[in-house]
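This report examines one protein model, element by element, for a reader who is new to structural description. Please keep the sequence and the structure in view while reading.

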Amino acid sequence: MIKLKSSKEIQLMREAGKIVAEVLQQIEKGIDIGVTTAKLDSIAEKYIRKRGAEPAFLGYNNFPASICASINNEVVHGIPGLRRLKEGDIISIDVGVRRKGYYGDAAATFAVGKITEKAHKLIDVTRTSLHKAIAEMQSGKRLSDVSHAVQAYVEKNSMSVVRNYVGHGIGEQMHEEPQVPNFGLAGRGPILQQGIVLAIEPMVNAGSWEVEVLDDQWTVVTSDGSLSAHFEHTVALGENGPEILTSNGLS
Ligand code: MG
C-alpha cells in the first residue's frame with residue numbers, strides 16, 4: 001500500500017531532506033585526491049549527528065557505515081574503507097538520515113580531479129535523467145511515466161539503466177511501497193496523487209546494464225567493468241507539482 005503523506009509529515013521530511021542535502025555538500029568539500037572513503041564516511045556521520053539526526057544506513061541489514069561510497073565501476077552499496085581517491089575517479093555517494101521518525105535519502109556522483117569526457121557525459125546524463133523523471137511526477141500521471149522518462153533519456157544517449165536495483169517510496173520507513181524502477185513502458189502502475197513521496201534514483205552504466213555483487217556481499221559492480229553513476233532525490237508531490245526535499249545545489 002502506498003502511504004500518502006500529510007503536509008505536516010512532508011514538513012518533517014523536508015527537514016530530514018535538508019540535512020541529507022547538507023551532508024552531500026559537506027562530502028563534496030571533502031572529496032580530494034588521496035582522501036579515503038572512510039574519511040568521507042566520518043565527515044557524514046559527524047555532520048548527521050551534529051544536526052540531531054541519525055544515519056539511516058548505519059546498521060541497516062548490518063551495513064557498517066553511514067554512506068555508501070561507490071567508485072568507478074561500482075554501481076551502489078560500496079562500503080567506505082581505506083581506499084584512497086585517485087585523480088580521474090568518479091565516486092557515487094548515497095546518504096540517508098532519519099529525524100523525528102522520518103527519512104530522507106539522496107545520492108550524487110562526483111568527479112575526483114580531472115575526469116575523462118566520457119565520465120563527464122555519464123554524470124551529466126544520469127543527473128539529467130533524474131530531473132526528467134522528477135518532471136513526470138505530476139498528479140494524474142502514472143508511476144511508470146517516471147520510470148520510462150529515465151530509460152528513454154539514458155538510452156537515447158547510448159547508455160544503460162541498471163535493472164536489479166530500483167527507487168522506492170519513503171517516509172516513516174526508508175523503503176516503502178511503491179518500487180520505482182528506472183525502466184519500463186509509460187502509462188502503467190498506480191496513478192500519482194498529492195502526498196506521494198518517492199526516492200527516485202537512476203543508476204546508469206556507460207556499458208551494459210548487467211551488474212554483479214562482490215564477495216563483500218554489498219558492493220554492486222558493472223559486469224563489463226564500465227563506469228557507473230547514481231543520482232537520487234527524495235521528492236514529494238504537492239499541490240504545485242513535485243518538490244525536491246533533498247535539493248542540494250549539486251544535482
Ligand atoms: Mg534510495
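Which residues are buried in helix 4? In this predicted model, the buried residues of helix 4 are Leu 143, Ser 144, Asp 145, Val 146, Ser 147, Ala 149, Val 150, Gln 151, Tyr 153 and Val 154.

Helix 4 covers residues 143-156, and its 14 residues should span 20 Å at 1.5 Å a residue. The C-alpha atoms at its ends are 21 Å apart, which agrees with that expectation. Because ten of the 14 residues are buried, helix 4 is largely enclosed by the rest of the structure.

After helix 4 comes Ser 158, which has a positive phi, near 60 degrees.

## Strand 4 and its partners

Strand 4 runs over residues 90-99, and nine of its ten residues are buried, so strand 4 is largely enclosed by the rest of the structure. Strand 4 pairs in the antiparallel sense with strand 1 (residues 54-55) over two bridges. In that region Glu 54 has Arg 98 of strand 4 as its bridge partner. Strand 2 (residues 67-71) also pairs with strand 4 in the antiparallel sense, here over five bridges. Ile 71 has Ile 91 of strand 4 as its bridge partner.

Strand 5 (residues 102-111) is another antiparallel partner of strand 4, with ten bridges between them. Gly 96 stands opposite Asp 105, a residue of strand 5. Strand 4 and strand 5 form a hairpin with two residues between the strands, and Lys 100 in this hairpin takes a positive phi near 50 degrees.

## The magnesium site

Asp 105, which stands opposite Gly 96 in the strand pairing, is also one of the residues that coordinate the magnesium ion. The donors are Asp 105 (OD), His 168 (NE2), Glu 201 (OE) and Glu 232 (OE), at 2.2 to 2.4 Å. Along the chain, the donors follow the spacing D-x62-H-x32-E-x30-E. His 168 lies in strand 7 (residues 167-169), while Glu 232 lies in the loop between strand 13 (228-230) and strand 14 (233-238); the pair therefore ties together parts that are 64 residues apart in sequence.

Are these two residues, His 168 and Glu 232, buried or exposed? A residue counts as buried when its relative accessible area is under 20%. His 168 is buried because its relative accessible area is 5%. Glu 232 is likewise buried, with a relative accessible area of 0%.

## Thr 126 within helix 3

Thr 126 has its place in helix 3. Its relative accessibility is 0%, so Thr 126 counts as buried. A polar atom of the Thr 126 side chain lies 2.7 Å from the backbone oxygen of Leu 122. When neighbours within four places in sequence are left aside, Thr 126 is in contact with Pro 202, Val 204, Ala 229, His 230 and Phe 231.

Helix 3 also holds Asp 124 and Arg 127, three residues apart, about one turn of the helix. Their side chains meet in a salt bridge, with 3.1 Å from N to O. Asp 124 counts as partly exposed, at 38% relative accessibility, and Arg 127 counts as partly exposed at 24%.

## Salt bridges across the sequence

The count of salt bridges comes to 13. One of them joins Lys 3 to Glu 172, with the closest N and O atoms 3.0 Å apart. Lys 3 lies in the segment before helix 1 (7-30) and Glu 172 in the loop between strand 7 and strand 8, so the pair ties together parts that are 169 residues apart in sequence. Lys 3 is partly exposed at 39% relative accessibility, and Glu 172 is partly exposed at 34%.

Glu 243 and Arg 14 form another salt bridge, in which the closest N and O atoms are 2.7 Å apart. Because Glu 243 lies in strand 15 (residues 241-244) and Arg 14 in helix 1, the pair ties together parts that are 229 residues apart in sequence. Glu 243 counts as partly exposed at 28% relative accessibility, as does Arg 14 at 31%.

Key: Residues are numbered from 1 along each chain as its sequence is written. This is a predicted model: local features need pLDDT of at least 70, side-chain atom pairs count only at pLDDT 80 or more; totals for chains, interfaces and linings use all residues. Side-chain values use heavy atoms; hydrogens and water are left out. Helices (H or I, at least four residues) and strands (E, at least two) are DSSP runs, numbered from the N terminus. The expected span of a helix is 1.5 Å times one less than its number of residues. Buried means under 20% relative accessible area, exposed over 50%, partly exposed in between (1.4 Å probe, protein chains only). Two strands pair if DSSP finds at least two bridges between them. Donors are N, O and S atoms within 2.8 Å of the metal (3.2 Å for Na, K and Ca); water is not among the atoms, so sites may look incomplete. A polar contact is a pair of N or O atoms within 3.5 Å; within protein, one must be able to donate a hydrogen and the other to accept it, and residues adjacent in sequence count only if both atoms are side-chain atoms. Contact means heavy atoms within 4.5 Å. A salt bridge is a side-chain nitrogen of Lys or Arg within 4 Å of a carboxyl oxygen of Asp or Glu.
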